[in-house]
Amino acid sequence: MNVDNSLTAALAAFDAGFAPIPVRPGTKKTAVRWDPWLRDLSKASIERHYGMHPDHDLGIIAGERVLVLDADTPEGVQALKELEAFLELRPMVITKTKRGEHHYFGLRDGVFARSDAPDKAGHPERFDVKTGRALVVTPPSPGKTYARFEISHVSQLTALTQEEVDAIFRHNGRSAPRPQPASGTDPDSSLPCATETAAALEFEGAIPRVKALLSHIDPDLGYQDWFRVAASLHAESGGSAEAFNLFDAWSARGTKYPGRVDLEKLWQRLGRYAGRRVTLATLAHLAREHGANLSRIADEHIEASPFENLGTTVVDDSHQAPVGDNQADDPHLLLRFSLKGHSEALRKEMAEAVPLPWDLALVGQWTIWFAPPNSGKTLIALSLCINATSSRVVDPECMFYLNADDSSQGITTKVGIAEQHGFHMVVPGYRDFRVKNLPSLLVSLSRSGQARGTVVVLDTQKKFTSVMNKEEAAAFGRVAREFITQGGTLLVLAHTNKRRDADGKLVYAGTTDALEDADCAFVIDILRDEDDRRTIQFENIKARGPVARKAAFEYSTRRDQTYAELLGSVRSLAPADLEQLEQEQLREAAHPQDLVGLIEDHIQRGYTTKMQLVETIAARSDYGQHRVRRTLEALTGDDPLIHRWRVTKGEKGRMTYELLPAEPPDEDDFDPNDDEDVY
């Protein structure tokens with residue numbers, strides 16, 4: 001394996017079927033969050049990261065099919081070699097470390113193992129076991145070199161049997177690892193219910209407090225935090241049916257609720273979860289982030305009322321008249337805020353709801369565009385700014401693009417474009433602008449009268465306010481709404497979740513607050529990506545006025561073009577063209593070509609079993625395992641007119657996939673005098 005630097009080593013590891021991940025220099029801490037990195041893992045993402053951080057070290061995530069034995073003492077290395085000799089095992093990959101060695105193995109189908117770190121203080125001959133969600137730092141990280149690397153793909157690692165895994169754990173003084181046995185079944189439900197364990201009984205006493213905590217947490221939070229809620233309830237209750245019912249009822253309050261059946265499957269898998277134990281402390285932390293008063297919950301252990309903690313202002317009502325007793329000498333406390341008699345002034349001050357280019361936002365409104373990374377939202381937003389100012393729908397001197405999500409090169413390029421077209425680019429860290437100052441600046445614009453006619457574009461939302469903290473999101477919403485009511489216009493670029501919903505639609509990221517508070521919202525998705533051209537679609541999910549229901553754009557994706565050329569390539573599609581493209585997408589939806597291509601590519605790269613293909617492609621794409629499996633099975637066979645690959649039975653009954661050979665042209669159909677016939 002080429003380990004001249006972290007980039008080449010990471011690319012080589014990826015080609016070999018490993019899951020490389022950047023590591024902070026000189027540490028064992030990853031430089032990125034695991035799950036988002038693994039979901040987007042590709043050569044492009046690796047090159048992009050190490051292009052920006054060439055000094056980062058390298059690690060791999062072991063995964064479910066790789067097991068690494070980590071001996072970090074001389075006694076451990078010797079014992080490991082003796083155990084391998086006794087079991088007649090030869091590791092195909094060995095890494096030398098400063099203190100010992102890493103020996104790499106695979107796991108045969110059906111073999112269960114888990115990560116383990118035995119006590120080595122009194123037993124230096126023992127060694128760590130790393131598998132599943134375990135990080136292994138690899139060469140060329142400091143102190144790491146390969147002593148042996150005799151594979152071209154991870155599937156060629158020496159695969160351990162269950163007996164061999166058990167022997168390793170017995171050497172470490174551990175019991176043989178086994179999945180948690182399935183518990184009994186409630187005769188009135190398909191939900192497996194736990195035995196009356198001490199954990200379940202203890203959990204019963206905490207149920208009021210758990211309900212109070214859950215009442216403060218938005219069930220539409222990100223997947224990882226949603227999973228942590230499930231894991232904490234399962235761990236603290238021993239997987240009790242009561243805890244599951246709490247989790248199900250809480251999840252059902254959200255728009256992303258997958259249904260009780262899917263939750264039951266998750267609850268079963270949690271019984272085999274071998275990751276870090278998650279406790280109710282995690283639940284409390286999430287509740288506090290969503291505005292819960294933990295002290296009050298701890299004291300009362302009852303479900304919090306939605307009217308609690310609204311404020312601490314005390315009103316002396318000792319002199320107040322009884323309800324219904326009108327007293328002329330005591331005007332109503334709310335009279336000074338009334339707008340009665342001010343309607344004409346409001347009409348004069350109100351910003352006219354003029355559509356911005358392509359009807360994707362209105363002047364005087366707060367609009368959000370939700371989109372996945374690299375889909376073109378910034379490109380279309382800049383095109384909108386250029387078109388709006390050049391057509392004088394917006395005064396260029398009142399158009400401000402706040403760019404907080406770009407590289408130094410990108411900033412320089414886009415500032416030049418803004419200068420060329422007369423509008424303004426604002427960047428955090430330059431000319432004393434700070435992200436934290438934005439709310440106070442919007443308030444000042446609102447109260448000084450300068451909001452009217454001003455258009456502010458935020459790129460991107462998460463740089464200016466938390467998308468997960470309801471309290472912070474609500475505070476930003478109040479500031480934004482005041483800015484809008486005073487004649488300002490706000491266009492916010494935001495992200496979608498990586499995973500799609502059950503219908504294959506993209507889902508906006510974060511809490512529901514932004515969508516609920518905004519006037520208008522679109523979701524941007526990629527419709528087609530081929531031949532150096534990309535087509536994206538805007539689909540409206542909320543509107544307060546005459547905005548487009550759908551819109552589509554096409555632009556060039558050539559690598560050799562300048563950003564100015566990229567902007568110049570943007571073309572709005574006519575409604576008829578969009579409708580035709582949508583019909584084509586529907587015809588291709590059964591087995592998308594990109595998914596078929598992914599399967600073919602992985603088969604060529606050595607992923608030849610159904611489990612390898614389904615798990616790997618699902619982890620590296622937006623397609624779920626069920627969708628990958630359905631396409632894999634549907635296109636399996638020997639007819640090249642219908643099928644794309646076949647399954648063959650090999651040694652010991654092993655079933656492997658291989659691509660169908662390309663069919664030569666039928667000789668009877670070949671006409672040497674016909675110019676259109678080609679080989």
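Me: Is Asp432 buried or exposed?
Reply: At 67% relative accessibility, Asp432 counts as exposed, where buried means under 20% relative accessible area, exposed means over 50%, and partly exposed lies in between, with a 1.4 Å probe and protein chains only. This is a predicted model, in which local features need pLDDT of at least 70 and side-chain atom pairs count only at pLDDT 80 or more, while totals for chains, interfaces and linings use all residues. Residues are numbered from 1 along each chain as its sequence is written, and side-chain values use heavy atoms, with hydrogens and water left out.

Me: Where is Asp432 found, and what is its phi near?
Reply: Asp432 sits in the loop between strand E10 (424-426) and helix H15 (438-448), where helices (H or I, at least four residues) and strands (E, at least two) are DSSP runs numbered from the N terminus. Its phi is near 70°, a positive value in a residue other than glycine. Most residues other than glycine have a negative phi, and most peptide bonds are trans.

Me: And Trp358, where does that one lie?
Reply: Trp358 lies in the loop between helix H12 (343-349) and strand E8 (366-371). The phi of Trp358 is near 70° and positive, again in a residue other than glycine, and Trp358 is partly exposed, with a relative accessible area of 26%.

Me: Switching topic, how many helices and strands does the protein have?
Reply: The protein has 23 helices and 18 strands, and 44% of its 679 residues count as buried. Among contacts (heavy atoms within 4.5 Å) between residues at least 6 apart in sequence, 67% join residues at least 24 apart.

Me: At what angle do H7 and H9 pack?
Reply: Helix H7 (residues 223-237) and helix H9 (residues 260-270) pack at about 60°, with their axes 10 Å apart. Axes here are lines fitted to C-alpha atoms, for helices over the stretch in contact, and angles run from 0 to 180 degrees between N-to-C directions. H7 and H9 are therefore oblique to each other, since angles under 35 degrees count as roughly parallel, over 145 as roughly antiparallel, 65 to 115 as roughly perpendicular and the rest as oblique.

Me: Which residues make that contact between H7 and H9?
Reply: H7 contributes Trp226, Phe227, Ala230, Ala231, Leu233, His234 and Ser237, and H9 contributes Leu263, Leu266, Trp267 and Leu270. By class, nine of the contact residues are nonpolar, two are polar and none is charged, where Ala, Val, Leu, Ile, Met, Phe, Trp, Tyr, Cys and Pro count as nonpolar, Asp, Glu, Lys and Arg as charged, and the others, Gly among them, as polar.

Me: What about H21 and H23, how do their axes cross?
Reply: The axes of H21 and H23 come within 10 Å and cross at roughly 75°, and the two helices are therefore roughly perpendicular to each other. Leu595, Val596 and Ile599 of H21 make the contact with Arg627, Val628, Thr631 and Leu632 of H23, a set with five nonpolar, one polar and one charged residues.

Me: Which residues of H22 are buried, and what covers them?
Reply: In helix H22 (residues 610-620) the buried residues are Gln612, Leu613, Val614, Thr616, Ile617, Ala618 and Arg620. Their cover includes helix H1 (6-15), helix H2 (34-39), helix H21 (593-604), helix H23 (625-634) and strand E18 (655-659).

Me: How are H13 and H14 placed relative to each other?
Reply: Helix H13 (residues 377-390) and helix H14 (residues 408-421) pack at about 15°, with their axes 10 Å apart, and are therefore roughly parallel. Where they meet, Thr378, Leu382, Ile386 and Thr389 in H13 face Lys414, Ile417 and His421 in H14, and this contact has three nonpolar, three polar and one charged residues.

Me: Last one, how many disulfides does the structure hold?
Reply: The structure holds zero disulfides, a disulfide being a pair of cysteine sulfur atoms within 2.5 Å. As for individual cysteines, Cys398 is partly exposed, with a relative accessible area of 22%, whereas Cys520 is buried, with a relative accessible area of 0%.
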